[in-house]
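This briefing sets out the strand pairing, turns, pocket and selected residues of one protein model. The sequence and the structure are shown first.

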Amino acid sequence: MQHDTQKQQLIEHYINAYNRFDVAGMVKDLHPDIAFENISNGTTNLRLPGISAFKKQAEQAARYFREREQRVKSIYFSHDVAALEIDYTGIVAVDMPNGMKAGATISLQGRSMFYFKDEKIIKIQDIS
């Protein structure tokens, strides 16, 4: 149980930093070899290897939103993996290439998988 509490604290710190657009806070508890994947409709549309690539993408993505929030609906731990059900809302800051206009609201429900190694987050998968 102690181990899961520590993992949950890492996840909460990451999500709170994400919600505040705090990239330095987001990467604080990531393993140097972090792998990030965004999976949409069963297709991996973004894969980032390493903390440098993750940080660069997080900084770029922050510019696209005026507000954003991930809320954890549920969390389940199994060994060195945590499965989360997430509600996501965001307000777009700029006109997007997909036609979405600045000021539009995005609302999604999805899952995130957090994997752990050496008391750090080694992999994150965002699944929608």
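In this predicted model, strand β4 (residues 81-92) pairs with β5 in the antiparallel sense over 11 bridges. Helices (H or I, at least four residues) and strands (E, at least two) are DSSP runs, numbered from the N terminus, and two strands pair if DSSP finds at least two bridges between them. Residues are numbered from 1 along each chain as its sequence is written, and side-chain values use heavy atoms, with hydrogens and water left out. Because the model is predicted, local features need pLDDT of at least 70 and side-chain atom pairs count only at pLDDT 80 or more, while totals for chains, interfaces and linings use all residues.

**Strand pairing**

- β1 and β6 pair in the parallel sense over 6 bridges, with E37 opposite Q125 in β6.
- Strand β1 (residues 30-40) pairs with strand β2 (residues 43-49) in the antiparallel sense, over 6 bridges.
- Along β2, R47 stands opposite E37 and P49 stands opposite A35.

**The sheet as a whole**

- The strands form an open sheet of 6 strands in the order β2-β1-β6-β5-β4-β3, with mixed pairing.
- β2 and β3 stand at the edges and each has a single partner strand, so one side of each is left without a neighbour in the sheet.
- From one strand to the next, the twist averages 20°; axes are lines fitted to C-alpha atoms, for helices over the stretch in contact, and angles run from 0 to 180 degrees between N-to-C directions.
- α3 packs on the sheet and touches β1, β2 and β3, and its direction makes about 50° with that of β1; contact means heavy atoms within 4.5 Å.
- In β6, 6 of the 8 residues are buried, so this strand is largely enclosed by the rest of the structure. Buried means under 20% relative accessible area, exposed over 50%, and partly exposed in between (1.4 Å probe, protein chains only).

**Turns and positive phi values**

- The hairpin of β1 and β2 has 2 residues between the strands, and N41 in the turn has a positive phi of about 50°.
- The hairpin of β5 and β6 likewise has 2 residues between the strands, and D118 takes a positive phi near 55° there.
- E119 lies in the loop between β5 (105-117) and β6 (120-127). Its phi is positive, about 60°, although E119 is not a glycine, and at 55% relative accessibility E119 counts as exposed.
- F21 lies in the loop between α1 (2-19) and α2 (23-27). Phi of F21 is near 60°, a positive value in a residue other than glycine, and F21 is partly exposed with a relative accessible area of 27%.

**Surroundings of K120**

- K120 is placed in strand β6 and is partly exposed, with a relative accessible area of 28%.
- Not counting residues up to four places away in sequence, K120 touches L10, K28, D29, L30, H31 and Y115.
- K120 and Q9 are 111 residues apart in sequence, and their C-alpha atoms are 11 Å apart in space.

**The largest pocket**

- About 910 Å³ of space lies in the largest pocket. On a 1 Å grid over the protein atoms alone, a pocket is an open set of points where a 1.4 Å probe fits, with protein on both sides within 12 Å along at least five of seven lines. Grid points are joined across faces, edges and corners, and a volume is the space filled by probe spheres set on the points.
- The lining comprises 32 residues, of which Y18, N38, F65, Y88 and D126 lie nearest the centre of the pocket; lining residues have an atom within 4 Å of a point.
- α1, β1, β2, α3 (51-62), β3 (65-78), β4, β5 and β6 each supply at least two lining residues, and β5 gives the most, with 6 residues.
- By class, the lining has 19 nonpolar, 10 polar and 3 charged residues. Ala, Val, Leu, Ile, Met, Phe, Trp, Tyr, Cys and Pro count as nonpolar, Asp, Glu, Lys and Arg as charged, and the others, Gly among them, as polar.
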